[in-house]
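Please keep the sequence and the structure in view while reading.

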Amino acid sequence: MKQELHNKLVDKKKQGKKSFAVLIDPDKVDVASIEQILELSIEAKVDYFFVGGSLVISTHLDECIQQLKAACNIPIVLFPGSPSQVSKYADALLYLSLISGRNPELLIGQHVISAPFVKKSGLEIMPTGYMVIDGGAPTTVSYISNAAPIPADKTDIAMCTAMAGEMLGMKLIYMDAGSGAKIPISEKMIEKVSSHIESPLIVGGGIIEPEKAYLNCKAGADIIVVGNAIEKDASLIKEMSAAVHSGFVKI
Ligand code: 1GP
């Protein structure tokens, strides 16, 4: 199986380099807004496009990815809310198992059903321990997943969940407060989790200020994901990317 992107992430982590991912929800963009995001992202040296959403009602996922692909070399990583959000036009797939929840369908059930189709896609598959953390308001992901998020102050539960995910073989850990979270994940929790795992750590949900992106990196996040705030104001891409790339190396 392909491992190119994952190997790069591991190398970056070793060098203390942080990455910035712009999350694109196909339901919330059109050709013109993708064009604008593209232009700003290329200029700001964005590291990845994450594409997906908890719902994705629209049917233009393939077109959306093809438009991105045609205009730049920024790797496109699928961040699917369901197995129907797999597109062979992307570069890689976050193969998410919702390890913070106890819904067997999202831990393994949907994976079994979609396995042959996912394998056939030819995408780089990145096994990802997905952890939803309470972000102060019910988000689409918490509703759709029908699973309780980890309480925001239970840093030990988050730490043990991430450790278990890693020991089960997951190559990435994604801590998500949910799109549009009122309260993003605390630096205390990021610090606790990152200091107990070796895998690259993705953090997202409710990050609206570059300062918070910077502090998350300082606490040990390796990839910062921002969606909602950029949908509202695409010019944030530049500042967010600069904050993430500001050269912080964890000691
Ligand atoms: C959600 O982590 C992502 O799954 C990003 O969240 O849209 O709030 O930036 P936002």
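## The chain as a whole

Of the 251 residues of the protein chain in this predicted model, 53% count as buried, where buried means under 20% relative accessible area, computed with a 1.4 Å probe on protein chains only. Residues are numbered from 1 along each chain as its sequence is written. Because the model is predicted, local features need pLDDT of at least 70 and side-chain atom pairs count only at pLDDT 80 or more, while totals for chains, interfaces and linings use all residues, and side-chain values use heavy atoms, with hydrogens and water left out.

The protein chain holds ten helices and eight strands, which are DSSP runs numbered from the N terminus (helices are H or I with at least four residues, strands E with at least two). Along its principal axes, the C-alpha trace spans about 45 × 40 × 35 Å.

## Two helices side by side

Two packed helices are described by the angle between their axes and the distance between the axes. For helix α7 (residues 187–194) and helix α8 (residues 210–219), the axes come within 8 Å and cross at roughly 30°, the axes being lines fitted to C-alpha atoms over the stretch in contact, with angles from 0 to 180 degrees between N-to-C directions. The helices α7 and α8 are therefore roughly parallel to each other, a label for angles under 35 degrees.

In this pair, E187, I190, E191 and S194 in α7 meet K212, L215, N216 and A219 in α8, contact meaning heavy atoms within 4.5 Å.

Technical notes: Parallel < 35°, antiparallel > 145°, perpendicular 65-115°, else oblique. Buried < 20%, exposed > 50% of the residue type's maximum accessible area, 1.4 Å probe, protein only.
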